[in-house]
Each structure stands twice: as structure tokens, then as C-alpha cells.
Amino acid sequence: MQLVHTGQCGVCAHFGEDHPQKEQLVQIRTTKQAPEDYVDTCGKNEDIHLKVTALSGCDGFEPADAA
């Protein structure tokens, strides 16, 4: 497990945006920890079907609501 920090995809509102209540996403946002190989979609870039890890990041970061 890796720590997920502010600015990284795992705690971004767009990470897994098409299924925000998925159990693993809630767990990542609550514990701020994620498997380093966990991959999900980025809703900000849904038109290109971008998939990123919870540890990735970009300039489009928006904090996810509290789980």
C-alpha cells in the first residue's frame, strides 16, 4: 500500500467519477492509502478513456468530497 496525498488522483473527484461509491474508491479516500497498481478512470478525461493509478496526478485535480 502507498500513501495518497493531496493532488494525487486517488483523492481527486474525477478519479473513478463514473462510480464514486465503489467500495475500493471510498476506502482509498478514507484511509489515504492505495495499492500502487490500482488503476481507474479519470472522469475529467473521459472522452479519451484515460486510466490512471491512485498515485498519479495532473493540473486538473479537484478534491473529492469526504467519503
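Biologist: Leaving aside its neighbours within four places in sequence, which residues is Cys42 in contact with?

Modeller: Cys42 is in contact with His14, Leu50 and Val52, where contact means heavy atoms within 4.5 Å. This is a predicted model, in which local features need pLDDT of at least 70, side-chain atom pairs count only at pLDDT 80 or more, and totals for chains, interfaces and linings use all residues. Residues are numbered from 1 along each chain as its sequence is written, and side-chain values use heavy atoms, with hydrogens and water left out.

Biologist: Thanks! Why is Cys42 called buried?

Modeller: Cys42 has a relative accessible area of 10%, and buried means under 20% (exposed is over 50%, partly exposed in between; 1.4 Å probe, protein chains only). Cys42 therefore counts as buried.

Biologist: And what makes His14 count as buried?

Modeller: Its relative accessibility is 10%, so His14 counts as buried too. Among the contacts of His14, leaving aside neighbours within four places in sequence, are Thr41, Lys44 and Glu62.

Biologist: How many cavities of 30 Å³ or more does the structure hold?

Modeller: One. A cavity is a set of points on a 1 Å grid over the protein atoms alone where a 1.4 Å probe fits but cannot get out; lining residues have an atom within 4 Å of a point. About 70 Å³ of space lies in the largest cavity, a volume being the space filled by probe spheres set on points joined across faces, edges and corners.

Biologist: Which residues line the largest cavity?

Modeller: The lining includes His14, Cys42 and Val52. Cys42 and Val52 are 10 residues apart in sequence and 6.8 Å apart in space, C-alpha to C-alpha.

Note on methods:
1 Å grid on protein atoms, 1.4 Å probe; cavity = no way out; pocket = protein on both sides within 12 Å on 5 of 7 lines; lining within 4 Å.
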